[in-house]
4 protein chains.
Amino acid sequence: SFRTSSVQMAKSKFEYVRNFETDDTCLRNCYIVVRLDGRNFHKFAETHDFAKPNDDRALGLMTRSARSVMEELDDIVIAYGQSDEFSFVFKRSSNWFKRRASKLMTHVASQFSSSYVFFWKDHFADRPLLYPPGFDGRVVLYPSNQNLRDYLSWRQADCHINNLYNTVFWRLVQKGGLSTVQAEDRLKGTLAADKNEILFSEFDINYNNEPLVHRKGTALVWEKADETTTKQVRVLNEEKEVTVTKSRKRVSAHHCDLIGSRSGRSTPTS
Amino acid sequence: SFRTSSVQMAKSKFEYVRNFETDDTCLRNCYIVVRLDGRNFHKFAETHDFAKPNDDRALGLMTRSARSVMEELDDIVIAYGQSDEFSFVFKRSSNWFKRRASKLMTHVASQFSSSYVFFWKDHFADRPLLYPPGFDGRVVLYPSNQNLRDYLSWRQADCHINNLYNTVFWRLVQKGGLSTVQAEDRLKGTLAADKNEILFSEFDINYNNEPLVHRKGTALVWEKADETTTKQVRVLNEEKEVTVTKSRKRVSAHHCDLIGSRSGRSTPTS
Amino acid sequence: SFRTSSVQMAKSKFEYVRNFETDDTCLRNCYIVVRLDGRNFHKFAETHDFAKPNDDRALGLMTRSARSVMEELDDIVIAYGQSDEFSFVFKRSSNWFKRRASKLMTHVASQFSSSYVFFWKDHFADRPLLYPPGFDGRVVLYPSNQNLRDYLSWRQADCHINNLYNTVFWRLVQKGGLSTVQAEDRLKGTLAADKNEILFSEFDINYNNEPLVHRKGTALVWEKADETTTKQVRVLNEEKEVTVTKSRKRVSAHHCDLIGSRSGRSTPTS
Amino acid sequence: SFRTSSVQMAKSKFEYVRNFETDDTCLRNCYIVVRLDGRNFHKFAETHDFAKPNDDRALGLMTRSARSVMEELDDIVIAYGQSDEFSFVFKRSSNWFKRRASKLMTHVASQFSSSYVFFWKDHFADRPLLYPPGFDGRVVLYPSNQNLRDYLSWRQADCHINNLYNTVFWRLVQKGGLSTVQAEDRLKGTLAADKNEILFSEFDINYNNEPLVHRKGTALVWEKADETTTKQVRVLNEEKEVTVTKSRKRVSAHHCDLIGSRSGRSTPTS
């Protein structure tokens, strides 16, 4: 076993191994995006009987976990999620963890994952969590505002395309009596307009009336809100009630087009 | 809102943002080490009343979570943990996730963190988890066996040094009646031999008899074990009992010197 | 020795070593700056009797070599040089060599160095080159126009500070009769205003009248120029002289403030 | 223009741009290989009438330039070249330029290129250099001795394959009266044995008797050599001649199998 007296010396002798660590500082003045994706979530959804095409409990839990990330970690200005993925955008000037990519992405992945299990029971009251889920992450840098907007638009377009497909697909299976194979065949090669038409003519569904949270995903941003409270104070020996208003920042959720459709430059038109 | 028919086109227009992702493939033929560290665990330990200097429930939970990582993710050949940190060593030839550093470290961080919350109740039966903890991670590459051995020796020497210090420190506080400030003063400048002496002469403790798990930390490795089960089989219309022995790999825990003290080359001598 | 018939097989067996190459693609939508610096140019200048504080032959050769780089390699929009350094700015959208950092910087370093030797005799007619000089390079990325402007301003401010210092220093030595040690002492702690005053009161030199190439360095940009040539053509059996004007791009040199001093925002003014 | 007094301040204001530089330190305890390749050397060879299939003046100049790199830069233990490429191997423990990849590869590329032009006239006495050539470079890391050996074997196998092909191809064209297209057709699909047979039966050439420098390329290594000189010394008022032997390291060239063909394990044999 270690002879105590020689350990400190031994340790300093081994410490050279620290020099094998590499610097992975993110280029300055770029937006840092960390995106998480569920690992094997197809199986995870099956095992926990997620509703199809969208499970609102699961979406709520994703959002709750993302909120936990934003509240715990510094400098995230916007987060956007859909399905089993969530993207977190750090401000350009962030110096959190000295912009070290590994620290940023593992912290986000870790905080999100522990929150997902922690808050599970609040969203799936009657359904126990059967095993701990995993998420993988990556870091991507965007040098300009336009690049960042296009990134968010890309993820939101992905949300839309998948949700439209899944909405029709599961209607065909759940109400239309088709097998999953038949539904897949039916949708092969169809355009968005075709899918809208199937929904409308066969199931009397106007896709544009589907819930925004499913069609647009969820964006979390910091908002200032006035919080008014009443306090009892004693003035000149008299007990008085005083209202106090404080401005507080808090995370709020939105289900809308991330990039205004007005400007036109880089956004899907309505 | 999105006009469905234009979304696919819009998406492909935004897809250029994928090209901003960078390749972070780990150099081949190197050991890949992912190390996790608890975030603000000093506060976390306080909040959850961890015993000092070592909380066996907390150590057990760390080990349980590390085991979950090893069982879920491929190619980890050894894991070593102490205090609130755990290192995972992927084999040199691993091609898991194409050796992409970001995937490797976020997966480990995520699986570990969700497991920590998931298995909490098995280790802290009477104590609820108050908030989801975070862990950060990093990736380090080691080109040679010797480098890897030295890395493990470095972490284990760190375990030893911290544990010896903490053992004396908390004795002085808990049994010796010193304040934490006084204990710190008392230990300032002391060598390992001095600390051993304090333990022995003042508290009748032989440090070498302290639990191995505290002095050496925990190493997890894969071991083959024969598993023998009995099966009922029907042979020639007769019901028979047959014993079947299968060789199975499973993760087993060890609390010992990671690097044999014999070879001498790079290891603390006893 | 290799048996011919087995070489192809052998080669494919070794080819796995290619997988050890790493991808060093530069982040898109950023300016790519390659800066070269002379290696041991203090000694090189001594050996080749460069005039002090500035050798116009050497500055001319630097500029000639930089021009060769711009003409040979694609997508360089501006180059800026002073003393023994030169910076090359590739346009944000450049896809030259797939934006691979190693290719970009080695090409620039190579082309510059071979040009330096190749064109030496045009600038140092009477002085043979005694040994082949070396330059080292690096790549830096700048995400915004402002960052790039600040980079160029940084190098130009460096030019100014060094040139003012060197101008006074060598006056004191060459005309003032001070040793180099005495001149250094004399200038210790002086501000720019003090140096200007020494030049003016002791040597009757107004620093602002010193050559622009020394005070501002050299910027190379592409400019369109009309080139007019005359051609003989035969029209209706008659020989005629026709003037043909073509617009051609060519590299032109400027010695001016790179960034307008007024707003700090606009493009180079002369 | 800059007001002198404000330049220092301005410079410090711009200096933040240094933080955009990234750390590209090479992983420790790995061999660092820098490989250079001629840029557009097909055209360069045409323009300067290189002999085919091998121009010994050009090969000699490549080797001379590589020797210059080895002598100028530290820690290169072996260099291997063939055709228009050269690889330089830095020792595992090298800390030259703090192992910064960009510095290493640009220095090599620069020194090689300036040397190529500088020494041109020694190898192409009668032929002027018409324009400055370019070389690009890259850095690759190899963690083990075996990986490095396989890298060198890979390059040497490449040398062999190309040289055998080129030897036959140019024989067919130069002596066999075939056009280059016909020669290409003739060789399509042939194995090494076929090519050897063509050489032997049609041109009476035993490929194994071709010059080693063409078949094996050129390896440069450091060798210790005793250098004996005579000095006149004065002893007891008498003039005496003394022989002095010093051990000096110098670069020597070899044309042999880099890796013994027997075991594939040992060091270069001659």
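Is A:Cys26 buried or exposed, going by its relative accessibility? I looked this up and found that A:Cys26 counts as buried, at 5% relative accessibility, where buried means under 20% relative accessible area, exposed over 50% and partly exposed in between, with a 1.4 Å probe and protein chains only.

I noted that this is a predicted model, in which local features need pLDDT of at least 70, side-chain atom pairs count only at pLDDT 80 or more, and totals for chains, interfaces and linings use all residues. Residues are numbered from 1 along each chain as its sequence is written, chains are lettered from A and ligands numbered from 1 in the order in which they are written, and side-chain values use heavy atoms, with hydrogens and water left out.

A:Cys26 is in none, since the nearest cysteine sulfur, that of A:Cys30, lies 8.6 Å away. For A:Cys30, the closest cysteine sulfur is in C:Cys30 at 4.8 Å, which is too far for a bond; A:Cys30 is itself buried, with a relative accessible area of 0%.

I then turned to A:Asn19, which is partly exposed at 44% relative accessible area. A:Asn19 and A:Asp56 are 37 residues apart in sequence and, C-alpha to C-alpha, 47 Å apart in space.

**Chains B and C.** I superposed the copies by least squares on the C-alpha atoms of residues with pLDDT of at least 70 in both, and a rotation of 180° with 0.0 Å of shift along its axis brings chain B onto chain C (RMSD 0.1 Å). That is the relation of a two-fold axis.

Conventions:
A disulfide is a pair of cysteine sulfur atoms within 2.5 Å.
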